[in-house]
Amino acid sequence: MSRQANRAGDPRKVNGELFTLTYGALVAQLIKDYENDEQVNKQLDKMGYNMGVRLIEDFLARANMGRCNDFRETADVIAKVAFKMYLGLTPVVSNWSAAGDEFSLLLESNPLTEFVELPSGHNNLNYSNLMCGVLRGALEMVQMDVDVRFVQDTLKGDNITEIRLKFNKRLEDAVPVGED
Amino acid sequence: MADEVIFEFLHMEIVDHIHKESSNEEKEQGISKLEALGFRVGQSLIERLTKECSRFKDELDTMKFLCKDLWNLVYKKQIDNLRTNHQGVYVLQDNRFKFLVQMSTGKQYMESAPKYLAFPCGMIRGALSNLGINCIVTAEVSAMPACKFQIQIQRS
């Protein structure tokens, strides 16, 4: 029958389910290892950070982007280019703070949680916390110190998944020689 | 659709995490944990992949499916060589195994190859297990990035 169905497509793309399932297996393993949601969150964030630090290199090499002049531009690049490239979706940027140093990414669907249901007793678990780490790690490598956290999560009964990013400061001392 | 880079990075982080966790105890345990993770992923993946397939004719047919479709789905290529002794042993050879390609082309870093192969081994075993075949899967590397997976079918 349709055994040839999974061919073609972009050669750099893998099946999204593979990623989702692998991530799910990882979270399940972490829950087994730690038995405390806070620690699982922390571990996921840490792993995400390590991924982000590497991912930014890949991103800059492929996206051919220059430096962002302000945080608004950064927000646009994250939502429209980075999310599109790596997860195939475009979150909405909204809820800007008056000072322009804080915004939210609104995700209608979250590919990481495609087959997931949170069992009771895990109210503190931020299932997709890896994403926060990725964003934080990647931005740190372009001299931005940013706080990233989940505000709303569809897994916890909210209508939408919301990731909040808060700009703290520019990391000055890490600027490479020969650049402003 | 996700980008292959994030899957690769995620796999690296999983290996790194589990390796660190078990560094005080025996390394063996870390390998089997990775294998168990892969097993679980393989099980669910094959379930999704075969939902519109007709029944496989025999064991060899199943193996061919593994080499072509599953490999294509996960690694974007087919297995380069499939051998069998027709007595329940299959050897799958991949000349450019994705998890090893970036690492080296030769004997360097050989000692770290096993931990990057545990997850794929588990995935093969999980996939076959959900297709009704019990087996033992081991991997063997003589020079990166080529890699051989040996599947030994357990008959009860």
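This is a predicted model: local features need pLDDT of at least 70, side-chain atom pairs count only at pLDDT 80 or more; totals for chains, interfaces and linings use all residues.
Local features are reported at pLDDT of at least 70 and side-chain atom pairs at pLDDT 80 or more, whereas totals for chains, interfaces and linings use all residues. Residues are numbered from 1 along each chain as its sequence is written, chains are lettered from A in the order in which they are written, and side-chain values use heavy atoms, without hydrogens and water.

Helix 2 (residues 37–63) and helix 4 (residues 129–140) of chain A meet, with axes that come within 6 Å and cross at roughly 40 degrees. Helices here are DSSP runs (H or I, at least four residues), and strands are likewise (E, at least two), numbered from the N terminus. Axes are lines fitted to C-alpha atoms, for helices over the stretch in contact, with angles from 0 to 180 degrees between N-to-C directions. The two helices are therefore oblique to each other. Angles under 35 degrees count as roughly parallel, over 145 as roughly antiparallel, 65 to 115 as roughly perpendicular, and the rest as oblique. The crossing is right-handed, the near helix being turned clockwise from the far one by less than a right angle.

Helix 2 of chain A contributes residues including A:N41, A:L44, A:M51 and A:I56 to the contact. From helix 4 of chain A, the contact residues include A:N129, A:C132, A:R136 and A:E140. Contact means heavy atoms within 4.5 Å. The contact residues divide into 11 nonpolar, six polar and four charged. Ala, Val, Leu, Ile, Met, Phe, Trp, Tyr, Cys and Pro count as nonpolar, Asp, Glu, Lys and Arg as charged, and the others, Gly among them, as polar.

Helix 4 of chain A has 12 residues and spans 17 Å from first to last C-alpha, close to the 16 Å expected at 1.5 Å a residue. The expected span is 1.5 Å times one less than the number of residues. In this helix, 10 of the 12 residues are buried, so it is largely enclosed by the rest of the structure. Buried means under 20% relative accessible area, exposed over 50%, and partly exposed in between (1.4 Å probe, protein chains only). Among the buried residues are A:L130, A:G133 and A:L139.

Two residues other than glycine have positive phi. A:E35, with phi of about 55 degrees, lies in the loop between helix 1 (16–34) and helix 2 of chain A. A:E35 is exposed, at 71% relative accessibility. Phi of B:Y109 is near 60 degrees. This tyrosine sits in the loop between helix 4 (98–101) and helix 5 (113–130) of chain B and is partly exposed, at 41%.

A cis peptide bond, with omega about 0 degrees, joins B:M144 and B:P145. B:P145 lies in the loop between strand 4 (135–140) and strand 5 (147–153) of chain B.
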